Amino acid sequence: MKHFRLLTVVAFLALLAACIRDEAPNDEADIISISFPEGYLRARQVEIGNDYIVLYPKKDVNAQELPYTDITLSAGASCQRTASGDSETLYYLDVTSESGNYVKRYAVRASYFPASFDFETWTTPTAGFAYENPKEGSLQWFSSNNGAALAWNSATKPATDYPIRRSGIAVSGATAAELRTMEGPGNVMGLMNIPVMSGSLYLGGFDALTGLTNPLHSTRFGVPFSDGKPVKLTGYYIYKPGAGAYINPDGTASDHKNDMCAIYAVLFKTDDRTQFLYGENIATSPNVVARAELHPDEVVQSEGFTRFEIAFDYDTYSVPFSFTELYNDKYKITIVFASSRNGDNYEGRIGNTLIIDNVELIYEEEY
C-alpha cells in the first residue's frame, strides 16, 4: 500500500511538472502601465487605451523628446519604439507577445490645449458617414453632426448636407466653421420627433448610446484645461437669421417667436460626481466656476465678419477659482457655438446661419 501511495505521488508530481513545462507562451500584448520623468506631465499624466496612449504634458514640454522611465507589459511581452510619419502621433510602441504570435501597436500622442482655433483641419470621425467635424491639433471638436448621423442614418448623405460644414468664407486661411439650423428628419424610429436640427459645435464628447433616447444627456461638455485662468474668449463671426417661421419642438410654427445664435464658454470644477456637464445642466450646474457669453442683444447681423471679445464672469458663481486646483487638473472648459439658441430642444428658425473663425481663449498665468 505504501509503495502504491508513493507511486501515485510521484506520478502526480511528474504530471504537474509536465503541465508546467508544456504551458503555452503568453499571447497577450498589452501595455499595463507606463511612467515618465517627474515634473514634465500634468496631474493627469497618462491615458492608456486599447491601442493608444495620450500624454498630458505641461505647456512648454516637448513630449517628442520625453522618454518613458518605466513600462509594465503583459507577462513575457517585449516592447519596441518606432518612429511615426503621422504629424499627430509622437511615436509608436510596438508590443510583441511572449509567444510571438501577436503584435499590438500603440500610437503615443500628446494632448495640448490649442493656442487658437482656425478651423482649417476637418476629420470624418464615424465610419460609414460622410459628415465632418473640425479638429485643432490633438483636440477634436464635437457637433450636432454626431447626433444628426444617428437620426438620418444615411451613408449617402454628403458632408455639405449636415448642420456643421466647412465654409469657404474665412477671416484667414481657407475655411471657417459654418453652423446651420435645418429641417430635421421628423419621427425617428418611433423614439422621438426631430422637426428641427440646429447646428452646434462644442468641446467635449458625445454618447451615441443615448443620442436618440436622451439627447440632452448625450452631449458631454468639457475638456481638461490647466494652462491658466481664462479671462476672455475672442473670435470672429457672421450671423444671418433664417427667413422662415420659428419651428417649435412639436413641429408647429410660430411667426412671432424670435431666434438667435449662441456663443459662450464655461469653466467648471470636476469631482467624483461631475466629470462633464450636459445639455440639461450646463447653465445650472453648481460646479460652474465662470462663464463667458455673447449676450443676444449684442449679436450683430451682417454679411461680413464681426469680432467678438467676451469676458469670463467669476462673480456670479459660488465656486472660487484656485490656481492650485487648476494646476492639479481639477478644471475643465467647454466652448460652445450654436446657430439656434434653443436648438438642443429641437426648435429654432430654419435657415439660421452662424459662421465662426479664428477663436482664441485668453488666459492669465500665476506669477
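Reader: Which element gives the most to the lining of the largest pocket?
Author: That's β10, with four residues. A strand like this is a DSSP run of E with at least two residues, while a helix is a run of H or I with at least four, and both are numbered from the N terminus. Before we go on: this is a predicted model, where local features need pLDDT of at least 70 and side-chain atom pairs count only at pLDDT 80 or more, but totals for chains, interfaces and linings use all residues. Residues are numbered from 1 along each chain as its sequence is written, and side-chain values use heavy atoms, with hydrogens and water left out.

Reader: What makes a space a pocket, and what makes a residue part of its lining?
Author: Picture a 1 Å grid over the protein atoms alone: a pocket is an open set of points with protein on both sides within 12 Å along at least five of seven lines, whereas a cavity is a set of points where a 1.4 Å probe fits but cannot get out. A lining residue has an atom within 4 Å of a point. Rolling a probe the size of a water molecule over the atoms shows where empty space is left.

Reader: What is the volume of the largest pocket, and what does volume stand for?
Author: About 820 Å³. Points are joined across faces, edges and corners, and the volume is the space filled by probe spheres set on them. The largest pocket has 31 lining residues, and Tyr-56, Ser-138, Leu-139, Gln-140 and Phe-142 are the closest to its centre. Elements giving it two or more residues include β2 (41-48), β3 (52-57) and β10 (139-143).

Reader: How do the lining residues of the largest pocket divide into nonpolar, polar and charged?
Author: There are 15 nonpolar, nine polar and seven charged. Nonpolar covers Ala, Val, Leu, Ile, Met, Phe, Trp, Tyr, Cys and Pro; charged covers Asp, Glu, Lys and Arg; the others, Gly among them, go under polar.

Reader: What about the second largest pocket?
Author: Its volume is about 670 Å³. It is lined by 35 residues, and the closest to its centre are Ser-200, Leu-216, Phe-221, Gly-343 and Asp-344. That lining splits into 16 nonpolar, 14 polar and five charged.

Reader: Why is Asp-255 called exposed?
Author: Exposed means over 50% relative accessible area, buried means under 20%, and partly exposed is in between (1.4 Å probe, protein chains only). Asp-255 comes in at 63%, so it counts as exposed. You'll find Asp-255 in the loop between β20 (253-254) and β21. Leaving aside residues up to four places away in sequence, Asp-255 touches Ala-245 and Arg-349, where a contact means heavy atoms within 4.5 Å.

Reader: What do Lys-269 and Glu-325 tie together?
Author: Their side chains form a salt bridge too, at 2.8 Å from N to O. Lys-269 is in strand β21 and Glu-325 in helix α4 (residues 323-327), so the bridge ties parts 56 residues apart in sequence. The structure holds 14 salt bridges, and one network links Lys-232, Arg-307 and Glu-309.

Reader: What makes the phi of Phe-119 worth a mention?
Author: Phi of Phe-119 is near 55°, a positive value in a residue other than glycine. Phe-119 is at 1% relative accessible area, so it's called buried. Tyr-346 isn't a glycine either, yet has a positive phi of about 60°; at 15%, Tyr-346 is buried as well.

Definitions and conventions: Salt bridge = Lys/Arg side-chain N within 4 Å of Asp/Glu carboxyl O.
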